[in-house]
Amino acid sequence: MKQIALILLLFFSGIGAELPDQGACAAVKSCLQLELRRCSAEELKPLPKLKYDQAFCAPLLDLTERGLNPESGIAFEVFRHLGKPLRVVYENKGVLQVNEEMMRFLFDHLPFTAELVNAYQKTEYFIAYDSPNHRLFHGTNGGSLSGKFNWILQDSAGRGAGLHSVFFGYGGAKVLKWGLRGTAVAVLDITPVPGKKQVTYRLQTYVFPVNSILNSIMQMQAFKSVVSEKIGEIVKNIERSSAQFAKGNKKPIGKHAPFTREPYQKQLLLFEAVVSGKPWIFGDALKGKTP
């Protein structure tokens, strides 16, 4: 999947005014029945006119079940946004002709994946890590999309490393006539199809409009259709590029300058082995398996 970084860039579409800590405190208490130690009695009170129903609480419950500790600093920042009254949810899903091990490798080497797509699709994607553990990174599509991200979960409570991810970040995008900036939470699940060299994917992204007018715009079908189209284009780019590589079409690789240098030369050999059937353990890129 177009390295998730680039998928996410699209969704940072809400000019974000911050709510006080009450947004997180009240949501965690109402949805998780937990009183965070950092919250005062006043902050634990529900926000006026906000319904803490099943639909509202669903992402908080889901993230907690996936292993996000509500008492952690990053969880508090995420829940401050999920605790806001306005929220828009986008969902995309489908089937990709890429096997499970290829997906693990591509997610373990985000800059490599961006260059792989550039080589085959003549795009200008860019991704770079901002921390030694590869949890922080930034990226751009070379045009209207850019952002910085924190990969806060890389599996789902210890199941499926590299296949179940949660991202939290900030960026900018242009959708239709609107140039927007803001914060988003994105949840991506990749599931291997038994007996086939395929995976299914489901991407849910939560964005947080600052007012009801922007909320109405982002709920419009025309707006959502453009978002879905952009996601589809990115997903297809990674699928087509990986498929061409797997079929043996290496001509675009030879013409792409970054692949004449390290670390990409070694990573190409590793990816070739994965395509040929060698298992890839997510996290090996940080264990000295690659530069």
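This note sets out numbered points on the predicted model shown above.

1. Basis of the values. The model is predicted, so that local features need pLDDT of at least 70 and side-chain atom pairs count only at pLDDT 80 or more, while totals for chains, interfaces and linings use all residues. Residues are numbered from 1 along each chain as its sequence is written, and side-chain values use heavy atoms, with hydrogens and water left out.

2. Overall composition. The protein has 10 helices and seven strands; these are DSSP runs numbered from the N terminus, helices being H or I with at least four residues and strands E with at least two. Of the 291 residues, 54% are buried, where buried means under 20% relative accessible area, exposed means over 50%, and partly exposed lies in between (1.4 Å probe, protein chains only). Taking contacts between residues at least 6 apart in sequence, 65% join residues at least 24 apart; a contact here means heavy atoms within 4.5 Å.

3. Helices H2 and H4. Helix H2 (residues 22-32) packs on H4 at an angle of about 90 degrees, and their axes are 7 Å apart. H2 is therefore roughly perpendicular to H4. Axes are lines fitted to C-alpha atoms, for helices over the stretch in contact, and angles run from 0 to 180 degrees between N-to-C directions. Angles under 35 degrees count as roughly parallel, over 145 as roughly antiparallel, 65 to 115 as roughly perpendicular and the rest as oblique. On the H2 side the contact involves Gly23, Ala24, Cys25, Val28 and Leu32, and on the H4 side Phe76, Phe79 and Arg80. By class, six of these residues are nonpolar, one is polar and one is charged. The nonpolar class holds Ala, Val, Leu, Ile, Met, Phe, Trp, Tyr, Cys and Pro, the charged class Asp, Glu, Lys and Arg, and the polar class the others, Gly among them.

4. Burial of H4. Helix H4 (residues 73-82) is mostly covered, with seven of its 10 residues buried. These are Ala75, Phe76, Val78, Phe79, Arg80, His81 and Leu82. Over the ring of Phe76 sits the charged end of Arg38, 3.7 Å from the ring centre. The criterion is that NZ of Lys or CZ of Arg is within 6 Å of the ring centre and within 35 degrees of the ring normal.

5. Surroundings of Phe56. Phe56 belongs to helix H3 (residues 54-65) and counts as buried at 8% relative accessibility. Leaving out residues up to four places away in sequence, Phe56 touches Ala27, Cys31, Leu50, Lys51, Leu82, Gly83, Lys84 and Arg87. Cys31 is 25 residues from Phe56 in sequence, with a C-alpha to C-alpha distance of 8.4 Å. The charged end of Arg87 sits over the ring of Phe56, 4.5 Å from its centre.

6. Helices packed on H8. The axes of H6 (residues 110-121) and H8 (residues 221-246) come within 9 Å and cross at roughly 80 degrees, which makes H6 roughly perpendicular to H8. Thr113, Leu116, Val117, Tyr120 and Gln121 of H6 meet Asn237, Ile238, Arg240, Ser241, Ser242, Gln244 and Phe245 of H8. This contact holds five nonpolar, six polar and one charged residues. Helix H7 (residues 212-219) packs on H8 at about 60 degrees, with the axes 5 Å apart, and the two are therefore oblique to each other. Ile217, Met218 and Gln219 of H7 make the contact with Gln221, Phe223 and Lys224 of H8.

7. Aromatic groups. The whole structure contains 14 aromatic pairs, a pair being rings of Phe, Tyr or Trp (its six-membered ring) with centres within 6.5 Å; planes under 30 degrees apart count as stacked, over 60 as edge-to-face and the rest as tilted. One aromatic cluster is formed by Phe105, Phe112, Phe245, Phe259, Tyr264, Phe271 and Trp280.

8. Asn92, in strand S1 (residues 88-96), is buried with a relative accessible area of 11%. Beyond its neighbours within four places in sequence, Asn92 contacts Tyr201, Arg202, Leu203, Ser228 and Ile231. Ser156 lies in the loop between strand S4 (146-153) and strand S5 (164-175) and is buried at 11% relative accessibility. Not counting residues up to four places away, Ser156 touches Arg66 and His164.

9. An exposed loop residue. Lys247 lies in the loop between H8 and helix H9 (251-254) and is exposed, with a relative accessible area of 68%. Lys247 and Val275 are 28 residues apart in sequence and 9.4 Å apart in space, C-alpha to C-alpha.
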